[in-house]
Amino acid sequence: MRIDVVSIFPEYLAPLDLSLIGKARRDGLLDVRVHDLREFAHDRHRTVDDTPYGGGAGMVMKPQPWAEALDAVVRSGAGRADGARPRLVVPGPGGTPFTQAMARELAQEPWLAFACGRYEGIDERVYEHAAQDLGLRVDVVSLGDYVLNGGEVAVLAVTEAVARLLPGVIGNAESLVEESHEDGLLEYPVYTKPASWESAPGTTRDVPRVLLSGDHRAIAQWRHQQRLERTAARRPDLLHASQPVGALADLDLALATAADAPELMVLTRACWVGEIARYGMFGAGEESVEQVADDLTRWQTWVFRSGGRLVASVRGRLDPQDPATWQIGRLMVAPDLQHRGIGRELLAFAEAQAPAGATAYWLNTGAGSDRNLRIYRKAGYRVRPGEGSFPGTVDLTKRRR
Ligand code: SAM
């Protein structure tokens with residue numbers, strides 16, 4: 001990979017000569033070229049900044065030296081066999097947050113160029129020039145929600161995170177797999193010898209016993225649990241997205257209360273967006289939170305959560321007209337968790353909730369909802385002839401065994 005960095009402090013990038021990144025450069029895996037922006041300023045003082053139009057504090061980096069520097073970087077690759085142009089990364093506190101996923105994406109690029117801003121930043125027209133005149137992909141990337149003095153620290157961080165993903169840079173590539181952020185969880189705590197360490201006179205700190213057990217399954221379970229607990233304690237925002245959900249058993253079950261009504265309403269609309277458009281879905285599309293909450297008094301409704309998020313639900317009740325029939329309704333799985341068999345498990349769960357006296361199950365679905373019909377038929381339901389209880393729907397029943 002080639003990396004070009006343009007900065008008014010080229011010496012700031014000296015750490016890129018050290019450690020694994022320095023070795024990767026020496027091994028020819030990484031071609032880093034650092035350019036002094038002032039080389040592209042032509043006045044006696046090699047000026048790269050000026051006062052901001054519109055007033056305000058601070059200085060703004062002038063467009064001309066930046067355009068010349070970027071032009072030179074692009075021109076220097078004119079003879080490349082792959083015809084590649086650099087992807088331009090401009091560090092900035094107002095950019096897209098830099099993540100491990102972005103590091104992986106950038107690691108796929110053959111060539112990255114970084115433009116290190118200083119002062120109040122770079123004249124906005126430089127971004128337009130890079131994208132429109134030079135045809136570069138331009139990304140503004142933030143290291144975090146705080147303000148640094150310049151982009152160089154961000155370039156060091158991004159370069160290190162990206163370069164260590166390049167084949168051959170890290171000796172043991174397997175060590176990359178289990179790290180924090182690779183699958184949305186933080187890494188488990190790590191220990192090394194001695195197993196028992198006297199940290200202060202009379203105080204001994206031991207490595208968790210499971211790590212000494214040699215039981216790989218138990219160690220993997222312990223580590224996974226530690227990852228979840230650590231992520232919940234330090235970065236609960238990550239848990240929401242990272243909970244692996246493969247089955248109903250992975251979800252937290254509760255009986256719905258009125259407090260769940262707003263999320264139930266959202267889940268209904270998300271799950272039935274197609275049906276709602278097609279049939280009006282017996283008013284489900286227009287239901288208010290109050291109506292959803294009101295329904296909770298007539299049905300027993302179960303909600304399933306993953307990392308706090310309501311992702312599935314189903315409800316059941318004895319038919320008010322026929323107390324031997326257990327009615328099942330509103331079987332819903334969040335769209336992003338569908339096609340994993342959770343719906344089938346949910347149906348079996350709802351059937352299992354029927355009181356002892358119930359001898360049949362009943363449910364209702366859109367007459368043209370082929371996928372639902374297939375699932376229900378496979379679960380032993382038969383479609384009743386004629387129109388269902390609501391326009392455009394069919395009723396299905398199944399004898400209880
Ligand atoms: N006036 C700018 C603003 O409020 O967005 C801040 C400019 S900052 C003082 C100067 C330079 O530091 C920026 O142009 C950028 O290159 C770099 N910088 C500051 N904070 C950064 C962050 N969180 N991530 C990446 N780069 C940052």
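Modeller: A quick definition before we start: a helix here is a DSSP run of H or I, at least four residues long, and helices are numbered from the N terminus. The model is predicted.

Colleague: Fine. What follows H1, then?

Modeller: Glycine 28 follows H1. The phi of glycine 28 is positive, near 80°.

Colleague: And which residues of H1 are buried?

Modeller: H1 covers residues 19-26, and Ile21, Gly22 and Ala24 are buried there. Seen down the axis of H1, these buried residues fall within an arc of 160°, so they line one face of the helix.

Colleague: What do the buried residues of H1 pack against?

Modeller: Helix H5, residues 152-163.

Colleague: Which exposed residues sit on the face of H1 turned away from that buried side?

Modeller: Ser19 and Arg26 are the exposed residues carried there.

Colleague: Zoom out for me. How many helices and strands does the protein have?

Modeller: There are 12 helices and 16 strands. The radius of gyration is 30 Å, while the globule rule gives 21 Å for 401 residues, so the protein is more spread out than a compact globule.

Colleague: What does the C-alpha trace span along its principal axes?

Modeller: About 95 × 65 × 45 Å.

Colleague: How much of the protein is buried?

Modeller: Buried residues account for 43% of the 401. The accessible surface comes to about 21800 Å², and 52% of that belongs to carbon and sulfur atoms.

Colleague: What about contacts between residues at least 6 apart in sequence?

Modeller: Of those contacts, 67% join residues at least 24 apart.

Colleague: New topic, salt bridges. How many are there?

Modeller: The count is 20. One of them pairs glutamate 263 with arginine 305, with the closest N and O atoms 3.0 Å apart. Glutamate 263 lies in helix H8 (261-271) and arginine 305 in strand S11 (300-306), so the pair ties together parts that are 42 residues apart in sequence.

Colleague: Arginine 305: buried or exposed?

Modeller: Arginine 305 counts as buried, because its relative accessibility is 18% and the cut-off for buried is under 20%. Glutamate 263 is at 31%, so it counts as partly exposed.

Colleague: Which residue does aspartate 295 meet in a salt bridge?

Modeller: Arginine 315, at 3.1 Å from N to O. That pair links distant parts of the chain: aspartate 295 is in helix H10 (289-295) and arginine 315 is in strand S12 (309-319), 20 residues apart. Aspartate 295 is buried at 12% relative accessibility. Arginine 315 is buried too, with a relative accessible area of 12%.

Colleague: And what does glutamate 39 bridge to?

Modeller: Arginine 46, with 3.4 Å between the closest N and O atoms. Arginine 46 counts as partly exposed, at 32% relative accessibility.

Colleague: Which residues are linked in a network of salt bridges?

Modeller: Arg87, Glu105, Glu109, Arg137 and Asp139.

Colleague: Last one, the surface. Which residues make the nonpolar patch?

Modeller: Phe9, Tyr12, Tyr146, Leu148 and Val153 make the patch, which comes to about 420 Å².

Colleague: Where does tyrosine 146 lie?

Modeller: Tyrosine 146 lies in the loop between strand S7 (138-142) and H5.

Methods: Residues are numbered from 1 along each chain as its sequence is written. This is a predicted model: local features need pLDDT of at least 70, side-chain atom pairs count only at pLDDT 80 or more; totals for chains, interfaces and linings use all residues. Side-chain values use heavy atoms; hydrogens and water are left out. Buried means under 20% relative accessible area, exposed over 50%, partly exposed in between (1.4 Å probe, protein chains only). Helices (H or I, at least four residues) and strands (E, at least two) are DSSP runs, numbered from the N terminus. The arc is that of the directions from the helix axis to the C-beta atoms. Contact means heavy atoms within 4.5 Å. A salt bridge is a side-chain nitrogen of Lys or Arg within 4 Å of a carboxyl oxygen of Asp or Glu. Patches are made of residues with over 30% relative accessible area and no salt bridge: like charges are joined within 9 Å, nonpolar side chains (Val, Leu, Ile, Met, Phe, Trp, Tyr) within 5 Å. Accessible areas come from the Shrake-Rupley method with a 1.4 Å probe; for residues, only the protein chains shown count as cover. The radius of gyration is taken over C-alpha atoms; the globule rule is 2.2 Å times the number of residues to the power 0.38.
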